[in-house]
Amino acid sequence: MALLLAGPAAAHGAFVDVEKLDAVGIQARYDTGAAMAGAQVAVFAPDNPAQPWLTGMTDADGRFVFAPDDRPGRWAVQVRQAGHGAIGYLEIGADGVASAFIAPATAAGLTWTQRALMIASVLWGCIGTALYFRPTRRIRQA
């Protein structure tokens, strides 16, 4: 019963908010809302997604600003810190118009299905352990 009322686990997820100004500004934060201060940032151009086009670090508020060139396509912005990270994307069209979006894998929290599966797994493990260590009855033969 207590497991059903428990909140999300204490592990950190990460988010990257991307916005287009004359330059592109991002703000990286953990799913708790805390800024990812001093996180590593790698920006990947659309024509070379394996090699960073630009690298840097976020400031104390988790912010980073850069100005991409006019290459159309999907620019990727990856932010990582202490094993946590996220990727945001900036789509620049042939007309130079930009739209930003966050990678779907950065959604926070667990679904009820995931919680139910974890609870069932823990209960099954407890039952299995109890059955393994239960005393066995000896049958007397007459």
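Reply: Start at D47, which counts as exposed at 54% relative accessibility. A word of caution: this is a predicted model.

D47 forms a salt bridge with R71, and the closest N and O atoms are 2.8 Å apart. Look at where the two partners sit. D47 lies in the loop between β3 and β4, R71 in the loop between β5 and β6, so the pair ties together parts that are 24 residues apart in sequence. R71 is partly exposed, with a relative accessible area of 26%.

R71 has another partner. Its side chain also meets that of D69 in a salt bridge, 2.8 Å from N to O. D69 counts as partly exposed, at 28% relative accessibility. Together, D47, D69 and R71 are linked in a network of salt bridges.

The structure holds three salt bridges. One of them joins R74 and E91, with the closest N and O atoms 3.6 Å apart. This pair links distant parts of the chain: R74 is in strand β6, E91 is in strand β7, and they are 17 residues apart. R74 is partly exposed, with a relative accessible area of 45%. E91 is partly exposed too, at 27%. R74 also lies over the face of Y89, 5.1 Å from the ring centre.

Now go back to the loop that holds D47, between β3 and β4. W53 lies in that loop as well, and F66 lies in strand β5, so their pair ties together parts 13 residues apart in sequence. The ring centres of W53 and F66 are 6.4 Å apart and the planes are at 65 degrees, so the pair is edge-to-face. How do the two compare in exposure, buried or partly exposed? W53 is partly exposed, with a relative accessible area of 32%. F66 is buried, with a relative accessible area of 3%.

Ring pairs extend the picture: they link W53, F64, F66 and W75 into a cluster. The structure holds four aromatic pairs.

To sum up the part around D47: a salt bridge runs from D47 to R71, and R71 also bridges to D69. The loop of D47 also holds W53, and W53 belongs to the cluster of rings.

Conventions
Residues are numbered from 1 along each chain as its sequence is written. This is a predicted model: local features need pLDDT of at least 70, side-chain atom pairs count only at pLDDT 80 or more; totals for chains, interfaces and linings use all residues. Side-chain values use heavy atoms; hydrogens and water are left out. Rings of Phe, Tyr and Trp (its six-membered ring) pair if their centres lie within 6.5 Å; planes under 30 degrees apart count as stacked, over 60 as edge-to-face and the rest as tilted. Helices (H or I, at least four residues) and strands (E, at least two) are DSSP runs, numbered from the N terminus. Buried means under 20% relative accessible area, exposed over 50%, partly exposed in between (1.4 Å probe, protein chains only). A charge sits over a ring if NZ of Lys or CZ of Arg is within 6 Å of the ring centre and within 35 degrees of the ring normal. A salt bridge is a side-chain nitrogen of Lys or Arg within 4 Å of a carboxyl oxygen of Asp or Glu.
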